[in-house]
Amino acid sequence: YYSQTGEASCSKCGAGRFQKAAGQTACNPCPRGSVQPNTGADNCKPCEPGEFMNESGQTACLVCSTIEGKGYSSTKEATECDQAASGYFMKENGEPKLCPTGSTCEGGATTGESMVVERHYYRFSRSSTELL
């Protein structure tokens, strides 16, 4: 809630905004990576893993796989989708690629070098993403 200078009553902060301190004359926009869908809030809610928000003052987080495409994910309170979803790894150019058969990719910051090669499979070099 906030109050305009000289007014006796308070008003609710709008959705996407918050105010936690008493006696204020304005509400603050939720920072990037967080949102507030309700009015009258005293805090903002962080975007969950797999979601992001790259603008302040918003009411809902965006879903990485819907906006960026399949294979993208994020950490909590993210402002961008810069992680690989489970079952994918991040290529050097920052794009996700489906993990090859014979490997395990837990998601997150997994790169081709950090994917786990399963038993009975091998690769020619640590940086190779091709398995035999």
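## Terms and basis

A disulfide here is a pair of cysteine sulfur atoms within 2.5 Å. In general terms, a disulfide is a covalent bond between the sulfur atoms of two cysteines.

The model is predicted: local features need pLDDT of at least 70, side-chain atom pairs count only at pLDDT 80 or more, and totals for chains, interfaces and linings use all residues. Residues are numbered from 1 along each chain as its sequence is written, and side-chain values use heavy atoms, leaving out hydrogens and water.

## The overall pattern

The whole structure was searched, and five disulfides were found. Number the bonded cysteines of the chain in sequence order, and the pairing reads 1-2, 3-4, 5-6, 7-8, 9-10.

Cys10 counts as exposed because its relative accessibility is 52%. The cut-offs are these: buried is under 20% relative accessible area, exposed is over 50%, and partly exposed lies in between (1.4 Å probe, protein chains only).

## Cys13 and Cys27

Cys13 is bonded to Cys27, with an S to S distance of 2.0 Å. This pair links distant parts of the chain, 14 residues apart. Cys13 sits in the segment before strand E1 (17-18). Cys27 lies in the loop between E1 and strand E2 (28-29). Strands (E, at least two residues) and helices (H or I, at least four) are DSSP runs, numbered from the N terminus.

The torsion about the S-S bond of Cys13 and Cys27 is about -85 degrees, so this disulfide is left-handed. Both Cys13 and Cys27 are buried.

## Cys64 and Cys81

A disulfide also joins Cys64 to Cys81, S to S 2.1 Å. Again the pair links distant parts of the chain, here 17 residues apart. Cys64 belongs to helix H1 (residues 64-67). Cys81 is in the loop between strand E7 (72-73) and strand E8 (83-84).

The bond is left-handed, because the torsion about the S-S bond of Cys64 and Cys81 is about -90 degrees. Cys64 has 0% relative accessibility, so it counts as buried. Cys81, at 10%, also counts as buried.

## Cys99 and Cys105

The sulfur atoms of Cys99 and Cys105 are 1.6 Å apart and form a disulfide. With a torsion of about -125 degrees about the S-S bond of Cys99 and Cys105, the disulfide is left-handed. Cys99 and Cys105 are both buried.
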